[in-house]
Amino acid sequence: GGGGVFEGFSLHHTIDTFGPHDADFYSFGDRHLLFISEDRDPTTSRISSRLYELDTRDANPHMHRFVLKQALPTDGAHAAELFEGPNGTPMLAIANFGDRLGQRYRARSSIWAMVEEGGGEGDGGGGGGG
(Lines give C-alpha, C1' and ligand atoms only; values in the text may rest on other atoms or scores of the structure.)
Protein backbone atom coordinates (compact mmCIF):
# COMPACT_ATOMS: atom_id res chain seq x y z
CA GLY A 1 0.00 0.00 0.00
CA GLY A 2 0.97 3.53 0.56
CA GLY A 3 0.19 6.53 -1.50
CA GLY A 4 3.34 8.52 -0.98
CA VAL A 5 6.02 9.42 -3.47
CA PHE A 6 8.32 6.51 -4.36
CA GLU A 7 11.84 7.28 -3.17
CA GLY A 8 13.46 3.88 -3.76
CA PHE A 9 14.04 0.76 -1.71
CA SER A 10 15.68 0.43 1.70
CA LEU A 11 17.08 -2.81 3.10
CA HIS A 12 14.41 -4.71 5.03
CA HIS A 13 16.45 -7.77 6.12
CA THR A 14 18.89 -10.34 4.73
CA ILE A 15 18.87 -14.14 4.29
CA ASP A 16 22.03 -16.28 4.12
CA THR A 17 22.24 -18.31 0.89
CA PHE A 18 24.65 -20.44 -1.18
CA GLY A 19 24.95 -19.41 -4.84
CA PRO A 20 21.35 -18.33 -5.29
CA HIS A 21 20.04 -18.31 -8.86
CA ASP A 22 16.38 -17.46 -8.46
CA ALA A 23 13.81 -16.27 -5.96
CA ASP A 24 10.09 -16.77 -6.34
CA PHE A 25 7.33 -15.26 -4.22
CA TYR A 26 3.63 -16.15 -4.10
CA SER A 27 0.72 -15.38 -1.78
CA PHE A 28 -1.79 -18.14 -1.05
CA GLY A 29 -4.52 -16.37 0.87
CA ASP A 30 -2.85 -14.95 3.99
CA ARG A 31 0.31 -17.07 3.54
CA HIS A 32 3.21 -15.32 1.81
CA LEU A 33 5.93 -17.72 0.62
CA LEU A 34 9.43 -17.10 -0.76
CA PHE A 35 11.58 -19.86 -2.28
CA ILE A 36 15.25 -19.27 -3.05
CA SER A 37 16.89 -21.65 -5.56
CA GLU A 38 20.44 -22.35 -4.41
CA ASP A 39 23.06 -23.65 -6.85
CA ARG A 40 25.92 -25.00 -4.77
CA ASP A 41 28.14 -24.61 -1.73
CA PRO A 42 31.96 -24.69 -2.03
CA THR A 43 32.05 -28.50 -2.48
CA THR A 44 28.85 -29.75 -4.13
CA SER A 45 25.68 -28.85 -6.01
CA ARG A 46 23.63 -31.31 -3.93
CA ILE A 47 22.48 -28.90 -1.24
CA SER A 48 19.19 -27.72 0.20
CA SER A 49 17.26 -24.77 -1.16
CA ARG A 50 14.95 -23.08 1.28
CA LEU A 51 11.30 -22.12 1.53
CA TYR A 52 10.46 -19.14 3.74
CA GLU A 53 7.17 -17.74 5.00
CA LEU A 54 6.58 -14.11 5.92
CA ASP A 55 5.88 -13.84 9.65
CA THR A 56 3.22 -11.13 9.86
CA ARG A 57 2.27 -11.53 13.54
CA ASP A 58 3.78 -8.17 14.55
CA ALA A 59 1.38 -5.25 14.09
CA ASN A 60 4.25 -3.19 12.65
CA PRO A 61 4.81 -4.30 9.01
CA HIS A 62 8.44 -3.09 9.23
CA MET A 63 9.02 -5.93 11.71
CA HIS A 64 7.71 -8.67 9.39
CA ARG A 65 10.46 -11.17 8.48
CA PHE A 66 10.76 -14.22 6.29
CA VAL A 67 11.32 -17.28 8.48
CA LEU A 68 12.56 -20.69 7.35
CA LYS A 69 9.73 -23.16 6.84
CA GLN A 70 11.48 -26.02 5.04
CA ALA A 71 14.80 -26.99 3.46
CA LEU A 72 14.29 -29.03 0.29
CA PRO A 73 16.93 -31.22 -1.38
CA THR A 74 18.12 -29.71 -4.66
CA ASP A 75 20.91 -30.36 -7.15
CA GLY A 76 22.14 -27.11 -8.61
CA ALA A 77 18.72 -25.45 -8.41
CA HIS A 78 18.49 -22.71 -11.02
CA ALA A 79 14.84 -21.75 -11.02
CA ALA A 80 11.62 -22.35 -9.16
CA GLU A 81 7.98 -21.45 -9.45
CA LEU A 82 5.40 -21.29 -6.67
CA PHE A 83 1.91 -21.75 -8.10
CA GLU A 84 -1.63 -22.79 -7.34
CA GLY A 85 -2.30 -26.41 -8.30
CA PRO A 86 -5.51 -28.44 -8.41
CA ASN A 87 -8.17 -27.32 -5.94
CA GLY A 88 -6.02 -24.34 -4.93
CA THR A 89 -3.22 -26.49 -3.48
CA PRO A 90 0.00 -24.45 -3.14
CA MET A 91 2.71 -26.13 -5.23
CA LEU A 92 6.38 -25.59 -5.99
CA ALA A 93 8.31 -26.65 -9.11
CA ILE A 94 12.12 -26.70 -8.83
CA ALA A 95 14.36 -26.84 -11.92
CA ASN A 96 17.64 -28.54 -11.01
CA PHE A 97 20.62 -28.03 -13.31
CA GLY A 98 23.15 -30.50 -11.88
CA ASP A 99 26.79 -29.57 -11.33
CA ARG A 100 28.15 -27.31 -14.06
CA LEU A 101 31.58 -27.17 -12.39
CA GLY A 102 31.79 -30.97 -12.38
CA GLN A 103 30.28 -31.04 -15.89
CA ARG A 104 27.38 -33.23 -14.68
CA TYR A 105 24.24 -31.87 -16.26
CA ARG A 106 21.84 -34.72 -15.59
CA ALA A 107 19.62 -33.92 -12.61
CA ARG A 108 16.08 -34.60 -11.46
CA SER A 109 13.78 -31.62 -11.14
CA SER A 110 10.89 -31.88 -8.69
CA ILE A 111 7.32 -30.83 -7.99
CA TRP A 112 6.18 -30.35 -4.41
CA ALA A 113 2.68 -29.91 -2.95
CA MET A 114 2.01 -28.16 0.37
CA VAL A 115 0.83 -30.41 3.16
CA GLU A 116 -1.08 -28.62 5.91
CA GLU A 117 -0.77 -29.77 9.52
CA GLY A 118 -2.87 -32.90 9.98
CA GLY A 119 -2.98 -33.46 6.20
CA GLY A 120 -1.73 -36.39 4.17
CA GLU A 121 1.75 -36.71 2.71
CA GLY A 122 2.66 -36.84 -0.96
CA ASP A 123 5.39 -38.95 -2.54
CA GLY A 124 8.07 -36.46 -1.47
CA GLY A 125 9.19 -35.60 -5.00
CA GLY A 126 12.93 -35.76 -4.40
CA GLY A 127 15.79 -33.58 -5.41
CA GLY A 128 19.23 -35.02 -6.06
CA GLY A 129 19.76 -37.47 -8.84
CA GLY A 130 22.61 -38.23 -11.06
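Strand S1 (residues 20-28) and S2 run antiparallel and are joined by 8 bridges. Strands here are DSSP runs of E with at least two residues, helices are runs of H or I with at least four residues, and both are numbered from the N terminus. Two strands count as paired if DSSP finds at least two bridges between them. Within this pair, proline 20 stands opposite glutamate 38 in S2. S1 and S2 form a hairpin with 2 residues between the strands, and glycine 29 in the turn has a positive phi of about 65°.

The model is predicted: local features need pLDDT of at least 70, side-chain atom pairs count only at pLDDT 80 or more, and totals for chains, interfaces and linings use all residues. Residues are numbered from 1 along each chain as its sequence is written, and side-chain values use heavy atoms, with hydrogens and water left out.

The secondary structure of the protein comes to 0 helices and 7 strands, giving the pattern β-β-β-β-β-β-β along the sequence. Of the 130 residues in the protein, 28% are buried. Buried means under 20% relative accessible area, exposed means over 50%, and partly exposed lies in between (1.4 Å probe, protein chains only).

An open sheet is formed by 3 strands in the order S5-S6-S7, with antiparallel pairing. S5 and strand S7 (110-113) stand at the edges with a single partner strand each, so one side of each has no neighbour in the sheet. From one strand to the next, the twist averages 20°; axes are lines fitted to C-alpha atoms, for helices over the stretch in contact, and angles run from 0 to 180 degrees between N-to-C directions. In S6, 5 of the 7 residues are buried, and the strand is mostly covered.

| Strand pair | Bridges | Direction |
|---|---|---|
| S1 and S2 | 8 bridges | antiparallel |
| S5 and S6 | 7 bridges | antiparallel |
| S6 and S7 | 4 bridges | antiparallel |

Alanine 80 stands opposite isoleucine 94 in S6. The bridge partner of alanine 93 is isoleucine 111 in S7.

The hairpin of S5 and S6 has 5 residues between the strands. Asparagine 87 lies in this loop, between strand S5 (77-84) and strand S6 (90-96). Asparagine 87 is not a glycine, yet has a positive phi of about 60°. Most residues other than glycine have a negative phi. Asparagine 87 counts as exposed because its relative accessibility is 83%.

The largest nonpolar core has 11 residues: Phe28, Leu33, Phe35, Leu51, Leu72, Ala77, Ala80, Leu82, Leu92, Ile94 and Trp112. Strand S2 (31-38), S5 and S6 each supply at least two residues of this core, and S5 gives the most, with 3 residues. A nonpolar core is a set of buried Ala, Val, Leu, Ile, Met, Phe, Trp, Tyr and Cys residues joined through side-chain atoms within 4.5 Å. In soluble globular proteins, nonpolar side chains tend to be buried together.

The second largest pocket holds about 170 Å³ of space and is lined by Gly8, Phe9, Ser10 and His62. A pocket is an open set of points on a 1 Å grid over the protein atoms alone where a 1.4 Å probe fits, with protein on both sides within 12 Å along at least five of seven lines; lining residues have an atom within 4 Å of a point. The volume is the space filled by probe spheres set on the points, which are joined across faces, edges and corners. The lining residues divide into 1 nonpolar, 3 polar and no charged. Ala, Val, Leu, Ile, Met, Phe, Trp, Tyr, Cys and Pro count as nonpolar, Asp, Glu, Lys and Arg as charged, and the others, Gly among them, as polar.
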